[in-house]
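Let's take a walk through this structure, one piece at a time. Have the 3D view handy and follow along.

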Amino acid sequence: MLTKRIIGCLDVHGGRVVKGVQFVDIVDAGDPAELAARHAREGADEIVLLDITATHEQRQTLLDTVRRTARELFIPFTVGGGIRSADDAAQVFDAGADKVSVNSAAIASPSLIDAIGRSFGSQAVVVAIDARRDPDADDPVIDAQVFVQGGRKPAGRRVVEWAREAEARGAGEILLTSMDADGTRAGFDCDLTAAVSDALRIPVIASGGAGTVNHFVDVFGRGRADAALAASIFHFGLSSARALKEELAKAGVSVRLPC
Amino acid sequence: MRVTVIDYKAGNLTSVLKALHHLGAETIVADGPEPIETADRIVLPGVGNFAATERLDATGITSAIRNAINLSIPFLGICVGMQWLYAGSSEAPEQDGLGYFPEMCTRFKEGAEKVPHVGWNSLDVRPDSPLLAGISSGEYVYFTHSYRAPVSADTSATTHYIEPFAAAVERGHVMGVQFHPEKSGEAGLRILRNFLAWRSA
């Protein structure tokens with residue numbers, strides 16, 4: 001049976017993990033390669049590394065980080081942040097990423113999705129979408145507003161129509177972050193996730209709002225997510241992705257165990 | 001152990017090369033027929049569209065692989081590389097596969113489930129499979145694909161998604177896996193190690 005994926009997420013700045021993985025015994029910024037390996041050992045199904053302040057000057061640092069992280073990682077590895085062209089993507093793949101995640105650059109130039117997909121296959125293109133419900137829209141959820149530049153700027157797109165376009169252009173997966181839920185630990189936005197998942201044939205990765213194991217149960221059930229980012233599971237007393245998956249299994253969610 | 005990994009411009013090879021290096025193999029990347037018939041092992045990766053395999057014919061790689069298979073050099077196709085071992089795929093009906101296995105690959109049936117099939121799914125393993133030695137039924141591996149090969153006499157592992165399909169195929173020294181062993185954690189590395197250690201019975 002196809003299992004629901006728990007994806008470990010590393011937010012990286014200048015070659016160091018700055019948040020997102022807060023193991024009990026590591027309070028500092030960590031080394032991405034070390035933390036990714038640890039995530040993999042401790043049951044994560046996949047790793048996403050997001051370079052949160054990617055600038056042109058830091059390009060080489062990111063590529064070095066990707067290379068070091070990928071070296072001993074034998075589960076799927078996605079890299080996002082600052083990928084603005086098919087050439088940028090090619091460098092990241094060359095350094096060892098299996099997938100790239102594109103967000104603002106895909107909104108600015110949607111043909112970027114086609115270009116990366118053509119060269120590296122759809123399975124290698126994740127389109128990240130940051131969305132906030134729009135209370136003034138006909139349907140606040142389906143017509144949730146898409147934001148770019150780390151959630152600072154409205155993109156003038158609606159979540160479901162943009163996700164559909166991304167799929168049509170050859171996106172392999174959607175990484176959907178609810179800006180309403182993000183940081184609240186009050187649960188994923190299951191309605192938003194379900195609206196996008198139901199509109200598409202490609203997998204949807206839910207992100208933002210996780211606070212308890214039950215929130216994951218909900219987003220895999222009612223939210224119809226195919227995968228979920230576990231950026232902050234350690235904030236609520238679980239020691240690893242494995243521990244989270246063991247709890248999910250008890251709640252009847254199909255997950256990869258043992259792992 | 002020298003492994004020739006075939007590059008036909010269908011996706012990147014980094015992950016496959018990395019996993020082979022991790023297991024102690026030397027690798028040569030071949031985008032033409034040259035280092036194929038002298039290889040110790042041949043790996044044909046591949047993601048994306050079956051149509052990309054046209055390049056194998058155009059570059060002379062197909063006939064080099066045919067010769068290599070006749071010379072009993074162990075061969076592993078991964079994902080589209082596995083599908084290419086069959087007669088062809090409905091994804092690109094004008095493009096012939098190698099035809100080592102006579103069946104056709106077809107798209108998953110549309111229905112309630114999503115297509116593509118992406119993620120970790122479990123194997124049901126034929127116990128006498130040399131490629132899958134040490135892998136128990138129920139072990140999870142990572143898939144990402146929309147087309148699949150049917151279950152046949154040569155199938156050495158099946159996976160269920162919408163219906164059962166061939167997750168692994170082998171007849172003697174010619175082997176294929178629909179999943180990505182280079183992305184399937186310890187189980188995947190074990191399978192690649194089995195391939196590197198393969199000997200004729």
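Start with helix 3 of chain A and helix 5 of chain A, which are oblique to each other. Keep in mind that this is a predicted model. The two run from residues 86–94 and 111–120 of chain A, and they pack at an angle of about 40 degrees with their axes 9 Å apart. As for handedness, helix 3 of chain A passes helix 5 of chain A in a right-handed crossing.

So who does the touching? On the helix 3 side of chain A you'll find A:Ala86, A:Ala89 and A:Phe93, and helix 5 of chain A brings A:Leu112, A:Ala115, A:Ile116, A:Ser119 and A:Phe120. Sorted by class, that contact has 7 nonpolar residues, 1 polar and no charged ones.

Now stay on helix 3 of chain A and look at its buried residues: A:Asp88, A:Ala89, A:Val92 and A:Phe93. They span an arc of only 135 degrees around the axis, which puts them on the same side of the helix.

The contact between the chains takes 24 residues from chain A and 27 residues from chain B. On the chain A side, helix 2 and helix 3 are the elements that give two or more residues. By class, that side has 11 nonpolar, 4 polar and 9 charged residues.

Note on methods: Residues are numbered from 1 along each chain as its sequence is written. Chains are lettered from A and ligands numbered from 1 in the order in which they are written. This is a predicted model: local features need pLDDT of at least 70, side-chain atom pairs count only at pLDDT 80 or more; totals for chains, interfaces and linings use all residues. Axes are lines fitted to C-alpha atoms, for helices over the stretch in contact, and angles run from 0 to 180 degrees between N-to-C directions. Helices (H or I, at least four residues) and strands (E, at least two) are DSSP runs, numbered from the N terminus. Angles under 35 degrees count as roughly parallel, over 145 as roughly antiparallel, 65 to 115 as roughly perpendicular and the rest as oblique. A crossing is left-handed if the near helix is turned anticlockwise from the far one by less than a right angle, and right-handed if clockwise. Two residues are in contact if their C-beta atoms, placed from the backbone, lie within 7 Å. Ala, Val, Leu, Ile, Met, Phe, Trp, Tyr, Cys and Pro count as nonpolar, Asp, Glu, Lys and Arg as charged, and the others, Gly among them, as polar. A residue is buried if 20 or more other C-beta atoms lie within 10 Å of its own, exposed if 12 or fewer, and partly exposed in between; C-beta atoms are placed from the backbone. The arc is that of the directions from the helix axis to the C-beta atoms.
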